[in-house]
Amino acid sequence: MVNGKKLIALCTSRVFDPQVHGYIKALTETLRADNCALMIFTINTDIYWVEDLDPAETHVYELMPYRELDCIIIMDEKIKSRKVSERIISRAKQENVPVVVVDGRYEGTIHVNFDYEAGFEAITRHVIEHHHVRRPHMMAGLPNNPFSDRRIDIFKKVIKENGIEFNDSMLSYGDFWADPARIAMREILKRDELPDAIICANDIMAITVTDELREAGVKVPDQVIVSGFDGYDEIYFADPIISTCSCDTELLAEATGQIALKLAQGQPASDAYIEPELQVNASCGCPPHSRSVRHLRESFNNNNFYRHQDDTRILNDITSNMECCTDVWSMASAIHDHKTKKHLLVVDRNIFNMEENYFMADSSASKVPDYHMIYDADYAEEHRFDRIPLDPDLFNDPTVNTETNVLSGNFRNRIIELLNIDYPLVFNSVNYMNRPYGFVCAYYEDFVITDYARTTIVTNALGMGVGGFVNLQYQRYLLQKMDDMYKHDALTGLYNRLGFQKVYAERIQKDDYQGISITIIMSDLDGLKYINDNFGHADGDHSIAAVAEALKRAVPENALSARFGGDELFSVIFGECDPDSIIRKIDEYLERYNAEQKLPYTVTTSCGFNTTTLTPEVNILKMLKLADERMYIVKRAKRDIWHGYGPGKTQ
């Protein structure tokens, strides 16, 4: 419960499917009456009971705020994965959240199911007994599927009771889907004698069978009767309209809602069974069922149809614009469009860490997700002329989040606010390269089915857009690192010769650099040979690096510092400066370094400088040579002082 509202979570798939959409609408109306808010956690594809699949989008069920939920409803037959449903149930049990399973059976849960067996028997008996069929054929679903196998058993039972002996030629498998049913039907059409009725295990296969018969010149129902099962709305667009047994999702939703309300209030509840309704139509030769399809036509008017067609093109443009941005703020701003209205986006901020590629790194070793909202359509709409994706304070929120659900992080208050709109919130996991990294929340204030359909393509567009942006940013990061490696000396971190020449040439092309003072300071480590010979080359390298650090710290930020070769280092300083003061800073740094390191030798450097005015005629190499000559004057003077002692000894 949150702010006095009971929270009901619905776990489902394909919210744009007419049956699921109708179920959501009826369930919402039931729950509204008792001050409950519905949160929908959905995937956009069916898993089809292939349990070794683990699509990233199922991560959306891990994002449910289990501790604050009052009840969870699982549409098991829509998700089609026992492994996924069992994972949800296990987590719910840990948090003591009651679970209602629709179209499935799991220990420790309440079940709300259609009496599929009674319904399929009703449509089968109608075809066999009312129409006196003698050569029936069964178009079953998937082999070894419990739903399909039970319907086969019912088919065998009914034909046996009517004096028809079953044989294997009476059975084909259409896998509950169009293409397999089409292949199976074409094999049946090769027979010398066709069945006088084809009883299909679901409506999708029945529509496909009818189409194949019509294309082959076989009349339905005059020559072959066809029946389906489930009562999908698509049957009303078939020619002829399919006879079926309707599993009324509104009745299912109302029963589920009433049970969920009881459980949320801590009251006992029991399983419920809904009996499907026989709906005979023209495909078996009966007068059409009285149900009107006007509501389908109204919800799919021309405006919605053409608007929906245009969504994909616009969202593809949004994805491309997001990918091509060079910073996170611009990428989030590129999301805003009328096609992304009523959506907000939350991502794991770890994806923007360019030290590693989030999507290619080992997921088992990844950090705990740090979910933050980076886009809210309502906020962007209010600031549309500035295209601001989110309040800057929220966008740049430094908090590290340890909670990983849709009611955590800098979006918690916003989600709680949206729970008051009296319409469901729809949550989709966003992923890239099958790696989940956040979620999209759609907060429509209507039940328009094309809006629900857009949820899928908006999620895909944003998932690809953010993922592509991150990958391109990572490529830019690698290219920059390669460029830095190419331009910089590995030992000192200063520019190498080639790197210096490139950056210097770019710098002096700028108009505001012409005519200014330019100073070169040349620095050369004293006694490098002595250190190498007596203490090793590693100590010599450490000494060169120390002088380089002293040089970097002493010169202004706009200076270009480079390793000329060996132990010779230099800096080019643009603008007025005091070379003597800079050289003193170098010496002071090395004095502190020697005091801290307590080495058996001292690290010192000799410096020379040259100053002139920058013009196109200035030859940087000649300036370097002159500074080098002055540096050697200083070095020779030091050698005279050191004569007989050697650097690092008492001077």
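Predicted model: local features only at pLDDT ≥ 70, side-chain atom pairs only at ≥ 80, totals over all residues.
Select threonine 256 in helix α8, which spans residues 249-264. The residue is buried, at a relative accessible area of 0%. Beyond its sequence neighbours up to four places away, threonine 256 touches Tyr23, Leu27, Ile73, Val100, Val102 and Val112.

Next, display helix α17 (residues 528-535) together with helix α18 (residues 537-554). Their axes come within 7 Å and cross at roughly 145 degrees. On the α17 side, the contact involves Leu528, Ile531, Asn532 and Phe535; on the α18 side, His537, Asp539, Gly540, Ser543 and Ile544. These residues comprise four nonpolar, four polar and one charged.

Turn now to the aromatic rings, of which the whole structure holds 23 pairs. Select phenylalanine 411 and phenylalanine 439: the ring centres are 5.5 Å apart and the planes stand at 80 degrees, so the pair is edge-to-face. Phenylalanine 411 belongs to the loop between α13 and α14, whereas phenylalanine 439 belongs to strand β16, so the pair ties together parts 28 residues apart in sequence. Phenylalanine 411 is buried at 0% relative accessible area, and phenylalanine 439 is likewise buried at 0%.

Move to tyrosine 423 and phenylalanine 447, a tilted pair with 5.2 Å centre to centre and 55 degrees between the planes. Tyrosine 423 is partly exposed at 25%, while phenylalanine 447 counts as buried at 14%.

Finally, select the aromatic cluster of Phe500, Tyr504, Tyr513, Phe564, Phe570 and Phe574. Elsewhere, the charged end of arginine 414 sits over the ring of tyrosine 443, 5.2 Å from its centre.

Notes. Residues numbered from 1 in each chain as written. Heavy atoms only, no water. Helix = DSSP H or I, 4+ residues; strand = E, 2+ residues; numbered from the N terminus. Buried < 20%, exposed > 50% of the residue type's maximum accessible area, 1.4 Å probe, protein only. Contact = heavy atoms within 4.5 Å. Axes fitted to C-alpha atoms, helices over the stretch in contact; angles between N-to-C directions. Nonpolar A, V, L, I, M, F, W, Y, C, P; charged D, E, K, R; others polar. Phe/Tyr/Trp six-rings, centres within 6.5 Å; stacked < 30°, edge-to-face > 60°. Lys NZ or Arg CZ within 6 Å of the ring centre and 35° of its normal.
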